[in-house]
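This briefing covers helix packing and aromatic ring pairs. Please look at the sequence and the model first.

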Amino acid sequence: MFWRYWTASTVSRLGDQVTAVALPLVAVVTLHASAIQVGLITAAAYVAWLLLGLPAGALVQRLPLRGIQVTMDLVRGAAVASVPLAAALGMLGLAQLIVVALLVGFANVLFDVGNSTFLPSIVAKAQLTSRNSLISGSIAGTELAGPSLGGVLVQLAGGSAAMLLDAVSYLVSAALLRSLPRAEQAEPSPVAQRPGLLGQVGEGWRFVARHPVIRPCVAGATAVNIVYGGLMPLTPVFLVRALDAPATAVGALMATGGIGSVIGASLTPRLVARIGSGRALCWSAVVASAFALLLPLAGSGWAMLVFALGSAGFYGGVVVTAIVTRTHRQTRTPPELLSRVMATARFVSWSTIPVGALAAGAAASAFGPRTALLLLALASVASPAILLASPIRRMRDLA
């Protein structure tokens, strides 16, 4: 059962990564969008976490997990497929790309909360770290292959046609998830004692806000996601306009983040076993920030390798922190609160992604992409600073 779940997630993520390259390149190359317009597309993809992130956990708890995941796959597939259709009819515009990003973003919220809640129901608690590492490694693998594939497809067939692969991947994911048995969910409290939607949301929020480990982990993730949100629209703009990189090189350079993520995911179980989850969390955050400072130093030609090194190191450090914190939440949260705690954590941390995207786009328009990238790199220091200022600094293991 886990392997069908894993295959569905991996196939869907591969399409996501192709679109992560294709969508901004469609905006930059085909529609000649400005940096701030590309930032709007990225912000639209994540603004759903601001609007739906908090109640998503309570909604997921009330609905069938498998049904939510299948339905959201179909919604995302239809939205993405509309881009090549509109392009073929000569009707594609920036407004449609923003609407598609919005629809996919809203579907992602419910799908991701359901997906992270589903995993502990099919995996033993002792295996969660290794399974989370495998899933993160698979995601990293798609981040490695997807952008390169996306860059090649954009070069050969155009960005709109490349997005067809993403639409197909969602259909494959839906079919695989549909074949899974219904997931067992925690029994809700009796209706007479069960709080309403706002009350359920509040329970998840209070658990996160009062937890001595989850709270600083969420704060650190929130800080790093500002940087992540800024890098998504700024990277293709920086590579195309500052370094004059062709589409194939853009895909390859964006894929270097996947290389780092694969390495980070594969090393996480051994790091946790050797130095402890608390130390692994703090050190990986420091490493990510140090490598981020290399990004704005990149130049054309062979100097693009500086960007590749910085990207690999940054994303490698980030994926270690993500695995450690996600596993801790899944193992230390009561089952009846898990979907709401996962939703709250993602609402708080992911809601800064559109903020980072818009800020990076505005900074690039005002000061140029290289200066904007330098500001993002400096902002990355906030995440390790938050973790090192918390009680986690003195913990070998998160308990």
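Rings of Phe, Tyr and Trp (for Trp, its six-membered ring) pair if their centres lie within 6.5 Å; planes under 30 degrees apart count as stacked, over 60 as edge-to-face and the rest as tilted. By this rule, a search of the whole structure finds 4 aromatic pairs. The model is predicted: local features need pLDDT of at least 70, side-chain atom pairs count only at pLDDT 80 or more, and totals for chains, interfaces and linings use all residues. Residues are numbered from 1 along each chain as its sequence is written, and side-chain values use heavy atoms, with hydrogens and water left out.

**Aromatic rings**

- The rings of Tyr228 and Tyr315 have centres 6.3 Å apart and planes at 80°, so this pair is edge-to-face.
- Tyr228 lies in helix H9 (residues 214–242) and Tyr315 in helix H12, 87 residues apart, so the pair links distant parts of the chain.
- Helices here are DSSP runs (H or I, at least four residues), numbered from the N terminus.
- Ring pairs also join Tyr228, Phe314 and Tyr315 into a cluster.
- Tyr315 is buried, with 19% relative accessibility, whereas Tyr228 is partly exposed at 26%.
- Buried means under 20% relative accessible area, exposed over 50%, and partly exposed in between (1.4 Å probe, protein chains only).

**Helices H11 and H12**

- H11 (residues 277–292) packs against H12 (residues 304–332) at an angle of about 155°, with the axes 7 Å apart.
- Axes are lines fitted to C-alpha atoms, for helices over the stretch in contact, and angles run from 0 to 180 degrees between N-to-C directions.
- H11 and H12 are therefore roughly antiparallel (under 35 degrees is roughly parallel, over 145 roughly antiparallel, 65 to 115 roughly perpendicular and the rest oblique).
- Residues of H11 in contact (heavy atoms within 4.5 Å) with H12 include Ser277, Leu281 and Phe291; among those of H12 are Gly313, Phe314 and Thr321.
- By class, this contact of H11 with H12 has 12 nonpolar, 7 polar and no charged residues.
- Ala, Val, Leu, Ile, Met, Phe, Trp, Tyr, Cys and Pro count as nonpolar, Asp, Glu, Lys and Arg as charged, and the others, Gly among them, as polar.

**Helices H14 and H15**

- The axes of H14 (residues 352–367) and H15 (residues 369–379) come within 7 Å and cross at roughly 135°.
- That angle makes H14 oblique to H15.
- The contact is made by Ala360, Ala363, Ala364 and Phe367 of H14 and Pro369, Thr371, Ala372, Leu375 and Leu376 of H15.
- The contact of H14 with H15 has 8 nonpolar, 1 polar and no charged residues.

Definitions and conventions
Helices (H or I, at least four residues) and strands (E, at least two) are DSSP runs, numbered from the N terminus.
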